[in-house]
Amino acid sequence: MQLLWAFLCLIARAACLGELRAFVVPHSHMDVGWVYTVQESMHAYAANVYTSVVEELMKGKHRKFIVVEQEFFHLWWDTIANDVQKKQVHQLLQEGRLEFVIGEGHGFLYETFGMRPQFSWHVDPFGASATTPTLFALAGFNAHLISRIDYDLKDAMQKTKMLQFVWRGSPSLSENCEIFTHVMDQYSYCTPSQIPFSNSSGFYWNGIAVFPDPPKDGIYPNMSVPVTGATIHLYAQTMVANIKKRAAWFRTADVLWPWGCDKQFFNASVQYSNMDPLLDYINKNADQFGVTVQYSTVSDYFRAVYNRNFTWDIRNDQDFLPYSTDPFQAWTGFYTSRSALKGIARRASSFLYAGESFFTQYIQKYPAGSVCKLWALQQLRSLRWAVSEVQHHDGITGTESPKVKDMYMNHLMHGILNVKKVMASIILDIDNASKNEKFYSYVSNKNPGKQGTRNVEQYIVVYNPLAWNITTFVVVAMSYSAVSVYDELGHPVPAQIQSSAESPSTYDLYILVTLSGLSHRRYIIKSSAEKESVFFARSVKYGRKVIKGSARHSGHLIPVLNDCYTVMLEQDTHLMHSITDRETNLTVQVTQKFLEYHVNGDVQKGPISDNYLFTPSGSALEASEAVGLEVVSGNLVREIRQYFYRNITAQDYIYVAYSRIYSVPGGYDDKLLCHRIEQEYRVGPLELNREAILRTSTNLTNKQILHTDNNGYQMQKRPYKAYLNNTVARNYYPMVQTAYIEDDSMRLMLLAERSHGVSSQGNGQVEVMLHRRLWNNLEWDLNYNLTLNDTSVVQPTFWLILGTKAATVALYHTSALALEHRPVVMYGELTDEKPKHHGQHHSIQKDPVTLPDNLHLQTLSIPGWMYSSNHTEHLQNIHKGIRKQEDADFRRVLLRIRHIYEPGEDPVLSRPVTVNLKSLLKGLGTLVLVEERSLTGTWDINTLERWKWKSAQHLSKGLSNNIVKTTENSTVTIHPKEIRTFFIYFQDQ
């Protein structure tokens, strides 16, 4: 108690005298999945972090600690912590000595502890998106902390004391979602690791974690020299010098001093027993050192800065990408690394999105259904967890070791399988299927399992997870070509069948489906006589043509067209020549080629590429010399198949491009289908130390200005910049979903179903990195198996949209979401001879959930959280140990709606939209209560008050609450780029 009182006195003294005040923030940076799997890390050190930290915090009231990565904590809480430790955690949280920052699992933290993180700790992501601060503001955060930004920019910001600012990440939401942002200095989240008198580990007295097993004697490698009478002054001098060095880069006398680094505090006893006397020594000699020090949390530090009442500069929506650590280390390779994992992660996220709304509707419409609600929720939670886990900054980025990549893939595929089971079970239940009906589901567009056989009547159930009416094609693999397709009422359905490009013995059946918002339909596939069969598309095969070194020709062209586009192919090279927008009759020259960047793998010969870095040895080189061409022409689908060969005599092709355009019969909505060219590529296995790109070259005068999306939320302008070194790599940007180039007349857009790196290296060009295969002899990469020797074959898909700016603006937002959330196709078969009354099968709901084109249903789910919506009541329940008897709350529905347009982007679609939630959701039941919440659901929006930081535009600090409240009749007005979150409740049935 005396030590705590001494700290409080020193804080007051420092404030009065203007001394530097160091906020020592104990933490452990624990990567969920990087070099080691979750299980390996838990066993080697992560479990010991929480066990020992909780024990040590209980020994001293002055000690503190922040918890960052939540997966390890959650596992520790569920599988290791005993009742005493759990009680101690509750006490430490109440006392403010243990603090959750970021908090990936806000629902778990709030439900279990009543805690709502209000500060971020984004210390290791490789750059910083402008969308993230907006999302944190919407979640109720008061400050945002980042670290990894471009080295030369950080250096300039340090020199000018500009590392702290108010960030308005969204130009549309502006001050309503601004957030104070702190950029860590050059030492980042670690304390100095090399000090002259200690052996090697600086202020890390517990040493370095050992894998696979902790040492039995408790002696770890690189344990620092203990703090003793002989070393304490040396330690104090080193610490104070570092504090003063850091202080020179910031405006206030408050210094954030992170104490921790990767895999630290697995022996918190030795950590605190050395730091305690060191801090005490510095404080007792504060007059000599000019510094006071104290254990702190992140909130302690930000509150001190906030209370200074300084006026802060405003930063606009510009992000901090790309990120480089030196002239030859551009961290732009990870945008594409492990493309297969990126694809599976996006598919899993999309499948979760579909499964959530499907289950929510089932619960509301079929309360007496036979599918076990708790079982179904557990299956959904397995995929929620896997999708959340892979978002780790060494997960989705592809920068993990191969065994960790396998861990992520296994968790994702297991979760997908679980949700497939849920959706199939629901279909069987609501259709009351007979025992002779088999049912199975797949997430992919083409059925990779059973193919149709002549003695089995096959059917598919197609679910539209979007809250818009859609018209699109689904593809079913068949083993025979004479088929007919009918809807549930027995009416013929437009379809086309053609020989499969991937397998000569099979056929691809394209079925035109029309679905209302959040609804499903059944389509029956029957074998039939050839004359009654759907249209069989014929193909024309052309020989190989040499392209390398050939001049551009335009004399002999092959047209492929629908009502919206005319695609011209050069007969002399088999490459694309041009695309004409038939609405305006404007033609853009378009050529697409595969190229490869060659990279160095020997550190003795120069810079290298690896999981993170992209360092090409020179310009990209054409990967093929010859192209084979096949054009498939049908009444609904026209497909261009291009096969790229290393040379004219090569037996096997190395790249494939499939481009499809669609024609829709009269009476169907063809807006999105007609106005896109679907392109699917097959890339790999690559040769070693190659980085494969698709370069689209046009005659658009874009002046090398590119636009890419920030996390699928908003677009960012990317002007080309010249550097002394590594200019190619430093002009690569992340393309999460969208990229485009344009000039005064036309815009060419690419939409992607997974993340890629993208750049405009020349006027009229846009190139997308598709795949990487690398090896190098850097000892660090070899030791951790991070060389990225990826031998996989990847098959990314893009949608190309060409048109005027006005036309593409009206298309690309909905198209991008339609690509991400394609219909889920589930397959079944009927094996008896009795006729089926297909008309009896009905959709999950009679009244579809349909939003206007400028609003997106971001979330419709049953989270299952058990907490009271009343915060005071919830805290009282936690304090009393009261928990509801049910395993999950199935009454509360989580609803998020997002306006997908910016102000002024479109004369109509950029307007605010008023929605009556009762009318929108009447198909689910009678809405009786609407509660507006923060983005993650933990705050009642009426009580949420974030810190308002003083800036040039706001001359006083205070509390802000700028959210428009929900009206009593459940009518809400959603403004451009807003994301509104609600808890909604329906009348019991």
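Me: How many bridges join β5 to strand β6, and in which sense do the two run?

Reply: A word of caution comes with the answer, since this is a predicted model. In general, strands of a sheet pair through backbone hydrogen bonds, either parallel or antiparallel. Here β5 is joined to β6 (residues 179-183) by four bridges, and the two strands run antiparallel.

Me: Which strand pairs with β5 in the parallel sense?

Reply: That is strand β9 (residues 314-315), which pairs with β5 over two bridges; within this pairing, V166 has I314 of β9 as its bridge partner.

Me: Which residues of strand β5 point one way and which the other, and are they buried or exposed?

Reply: In a regular strand the side chains alternate between the two faces of the sheet. In β5 (residues 164-167), Q164 and V166 point one way while F165 and W167 point the other way, and all of them are buried.

Me: In what order do the strands of the open sheet that holds β1, β7 and β8 stand?

Reply: The order is β7-β1-β8, and the pairing is parallel. Because β7 (254-259) and β8 (291-295) stand at the edges with a single partner strand each, one side of each is left without a neighbour in the sheet. Neighbouring strands of this sheet are turned by 25° against each other on average, with direction ignored.

Me: What is the order of the four strands in the open sheet with mixed pairing?

Reply: Those four strands stand in the order β14-β17-β16-β19. The edge strands are β14 (470-478) and β19 (535-536), each of which pairs on one side only. Strand β16 (residues 495-499) runs parallel to β19 and is joined to it by two bridges, with I497 standing opposite F536 of β19.

Me: Turning to helices, across which strands does helix α8 lie?

Reply: Helix α8 (residues 232-247) lies across β1, β7 and β8, and runs at about 125° to β7.

Me: At what angle do the axes of α8 and helix α9 cross?

Reply: Two packed helices are described by the angle between their axes and the distance between the axes. The axes of α8 and α9 (residues 268-284) cross at roughly 70° and come within 10 Å, and the two helices are therefore roughly perpendicular to each other. On the α8 side the contact is made by I232, H233, Y235, A236, M239 and V240, and on the α9 side by M275, P277, L278, L279, Y281 and I282. Sorted by class, this contact has 11 nonpolar residues, one polar residue and no charged residues.

Me: How do I read the packing of α3 with helix α4, and which residues meet there?

Reply: The axes of α3 and α4 (residues 83-95) come within 9 Å and cross at roughly 135°, which makes α3 oblique to α4. F73, W76 and W77 in α3 meet Q85, K86, V89 and H90 in α4, and the residues of this contact divide into four nonpolar, two polar and one charged.

Me: What span should the 17 residues of helix α13 have?

Reply: At 1.5 Å a residue, α13 (residues 373-389) should span 24 Å, and its end C-alpha atoms are 24 Å apart, which agrees. Its buried residues include A376, L377, L380, R384 and E389, and the buried residues of α13 pack against α2 (38-57), α3 (70-79), α12 (339-365) and α14 (402-431).

Me: Finally, where does L686 lie, and why does L686 count as buried?

Reply: L686 lies in the loop between β29 (677-683) and β30 (690-698). L686 counts as buried because its relative accessibility is 5%, and the cut-off for buried is under 20%. Leaving aside residues up to four places away in sequence, L686 touches E596, Y655, A692, H771, R772 and R773. The C-alpha atoms of L686 and L774 are separated by 9.3 Å, although the two residues are 88 residues apart along the chain.

Terms used: Residues are numbered from 1 along each chain as its sequence is written. This is a predicted model: local features need pLDDT of at least 70, side-chain atom pairs count only at pLDDT 80 or more; totals for chains, interfaces and linings use all residues. Side-chain values use heavy atoms; hydrogens and water are left out. Two strands pair if DSSP finds at least two bridges between them. Axes are lines fitted to C-alpha atoms, for helices over the stretch in contact, and angles run from 0 to 180 degrees between N-to-C directions. Contact means heavy atoms within 4.5 Å. Angles under 35 degrees count as roughly parallel, over 145 as roughly antiparallel, 65 to 115 as roughly perpendicular and the rest as oblique. Ala, Val, Leu, Ile, Met, Phe, Trp, Tyr, Cys and Pro count as nonpolar, Asp, Glu, Lys and Arg as charged, and the others, Gly among them, as polar. Buried means under 20% relative accessible area, exposed over 50%, partly exposed in between (1.4 Å probe, protein chains only). The expected span of a helix is 1.5 Å times one less than its number of residues.
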